Amino acid sequence: MFMGPFGEAIPWSVDGVKGVRRFLDRLWVVVDKIIADRDQLKDISGQSRLIHKTIKGVTEDIDNMKFNTAVSKLMIQLNGVDSQPDWRGKINDQGEWEEKKLDFAALEKLLVLLAPFAPHIAEELWEKIGNKESISQEKWPEYDPKMVKEDTIELVIQINGKVRDKMSVEVGITEKEALKLAKKSEKVKKYLEGGEIKKVIFVPDKLLSLVV
């Protein structure tokens, strides 16, 4: 399923299996670490934006039979769960010990999302983390639409109909704020020198177009 689009002819390759095998091996190690250190970890219970994006992405990919990209999203989610090498914590910039925060709920959801792809491993790990009922009986996770919205967007800056810059800005930026940032851009400045802005066209979260 990971080698490529499910509906296309893909040449079989043992090398193509290695990446998925490493992913499953790593997942197993991560779960073992969590079991060993869970009492010392602080559970932040599904507050991560990443898990909500993963649920949405994997659900949509399965519906569209895009299994290779669904597995890729599961790999990214595992990186989010296993984001720190020291599961007990770390020394922060102030020289103080900082507890490792564990999104245990995200790990459980990851296993449920994995189950259609690797049912035996998902079932075994589900039991290892303390669940009594089969993972096959677990409800498919849902995502919070508010949590999948991006914090930033790419705003296109046009001068006289031609793209002159693209800027990463906060979602919901106003026309006034966008214009102020555009005027500070070195790529835009040279097209404004000696001219006058005659018209401003602003498409929220997409485009700022200036007629000079």
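In the predicted model, helix 4 passes helix 5 in a left-handed crossing. The two elements, spanning residues 104–114 and residues 119–128 respectively, pack at an angle of about 155°, and their axes lie 8 Å apart. Because angles over 145 degrees count as roughly antiparallel, helix 4 and helix 5 are roughly antiparallel to each other. The contact is formed by E108, L111, V112 and L114 on the helix 4 side and by A122, L125 and W126 on the helix 5 side. Of the residues in this contact, six are nonpolar and one is charged, with no polar residue.

Helix 3 comprises 15 residues, 67–81. The buried residues of helix 3 are F67, N68, A70, V71, L74, M75, Q77, L78 and V81. In an α-helix there are 3.6 residues a turn, so residues three or four places apart point the same way. Among the buried positions of helix 3 are F67, A70, V71, L74, L78 and V81.

L179 is located in helix 6, which covers residues 175–184. The relative accessible area of L179 is 17%, and since buried means under 20%, L179 is buried. When neighbours within four places in sequence are left aside, L179 is in contact with I197, L208 and L210. Between L179 and F202, the separation is 23 residues in sequence and 9.1 Å in space, C-alpha to C-alpha.

Conventions: Residues numbered from 1 in each chain as written. Predicted model: local features only at pLDDT ≥ 70, side-chain atom pairs only at ≥ 80, totals over all residues. Heavy atoms only, no water. Axes fitted to C-alpha atoms, helices over the stretch in contact; angles between N-to-C directions. Helix = DSSP H or I, 4+ residues; strand = E, 2+ residues; numbered from the N terminus. Parallel < 35°, antiparallel > 145°, perpendicular 65-115°, else oblique. Left-handed = near helix turned anticlockwise from the far one by under 90°. Contact = heavy atoms within 4.5 Å. Nonpolar A, V, L, I, M, F, W, Y, C, P; charged D, E, K, R; others polar. Expected span 1.5 Å × (residues − 1). Buried < 20%, exposed > 50% of the residue type's maximum accessible area, 1.4 Å probe, protein only.
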